[in-house]
Amino acid sequence: MLNLERLRTLDALARHGSVSAAADALHVTTSAVSQQLGKLEREVGQQLLAKNGRGVRLTDAGRLLSEHAARILSQVELAESDLEAQRGQVVGELRLSAFPTAARGLFPVALQALRAQHPGLRVRSSELEPEQGIAGVVRGDLDLAVVLDWYNKPMPVPDGLVKAPLLDDPAEVAMPLGHRLAHRAEVDLAEFADDEWITWGEGEFCHEWLIFTLRSKGVEPIVGHRAGETHTQLQLVASGLGVCIAPMLGRHPVPDGVVLVPLTQRVRRHVYVVWRADADRRPSIRAAVEALRTAAEKLD
């Protein structure tokens, strides 16, 4: 009889690529991971791991069993979801993430409502960029993730995930009060060809969107400063250090000395929540989605 927790450990190693990463994901020690995998090898009577430099790799038998483990664990989650749905109670632990401005703009209201309405539900939240949030849901490290894409640059969602829209988030250009375009009712991105941009970190989805969009306008962007948080970007704008894209979600209060001007071509982010299809019937998932939608509606 295969032990479920040992299969879970093997699955974590297959998904995360190392003993230490698997230990972090499972919130146990590396020694505990090694012990569980050693016991699993003895149970199946085959070598599942082989040394690979300083780390380990899965043998053919290890890869085969890890594929079965992923399917078994998915089926177990589906069974747990069905049982939770039959019981109809919003209980247990729920792990969710959001990109920083959504965490600022949605989580306080949504998580407070969940605590008040469902005292038996324990919620754990974290800030993660959209790609990291989606990866966490796929791996099973998270139950839900609040993510985004842009009107002209969709975010790929892997098979096996369900998504629900939360809000469309309009964005404007933030510029210093003395900027040459600060008096305008509308501006076009092409008018900022000579401006320094304050943008997100290298490789982040929103940064890649900005570069893609400016180049589509024939503008080769001048990146002066990078900051992950909208409030930090706006403070840099207030100091006269450049311009930035400022979505509505999570940007208030806007610092003194910053002017927000709409774009001629309206720019919006689509904000939505994703979760695994095999957990779709869990009451806790549905309660969290409803709380997030209610928090989004209160922003209007």
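A cavity is a set of points where a 1.4 Å probe fits but cannot get out. In this predicted model, the structure holds two cavities of 30 Å³ or more.

The largest cavity contains about 80 Å³ of space. Its lining includes Phe 99, Pro 100 and Thr 101, together with Glu 129, Leu 148, Trp 200, Glu 204 and Cys 206. Gly 228, Thr 230 and Arg 269 also line this cavity. Sorted by class, the lining of the largest cavity comprises five nonpolar, three polar and three charged residues.

Among the residues that line it are Tyr 151, Val 187, Asp 188 and Leu 189. Thr 213, Lys 217, Leu 263, Thr 264, Gln 265 and Val 267 belong to this lining as well. Here the division by class is five nonpolar, three polar and two charged residues.

Attention may now turn to a helix. Helix α6 spans residues 107–117, and within it Phe 107, Ala 110 and Leu 114 are buried. These three residues lie on the same side of α6 because they cover an arc of only 80° around the axis. On the other side of the helix, Pro 108, Gln 112, Arg 115 and Ala 116 are exposed.

What, then, covers the buried residues of α6? The covering elements include the strands β3 (92–98), β4 (121–127) and β5 (144–150). The helices α5 (100–105) and α10 (283–297) are also among them.

Methods. Residues are numbered from 1 along each chain as its sequence is written. This is a predicted model: local features need pLDDT of at least 70, side-chain atom pairs count only at pLDDT 80 or more; totals for chains, interfaces and linings use all residues. Side-chain values use heavy atoms; hydrogens and water are left out. Buried means under 20% relative accessible area, exposed over 50%, partly exposed in between (1.4 Å probe, protein chains only). Helices (H or I, at least four residues) and strands (E, at least two) are DSSP runs, numbered from the N terminus. The arc is that of the directions from the helix axis to the C-beta atoms. Contact means heavy atoms within 4.5 Å. On a 1 Å grid over the protein atoms alone, a cavity is a set of points where a 1.4 Å probe fits but cannot get out, and a pocket is an open set with protein on both sides within 12 Å along at least five of seven lines; lining residues have an atom within 4 Å of a point. Grid points are joined across faces, edges and corners, and a volume is the space filled by probe spheres set on the points. Ala, Val, Leu, Ile, Met, Phe, Trp, Tyr, Cys and Pro count as nonpolar, Asp, Glu, Lys and Arg as charged, and the others, Gly among them, as polar.
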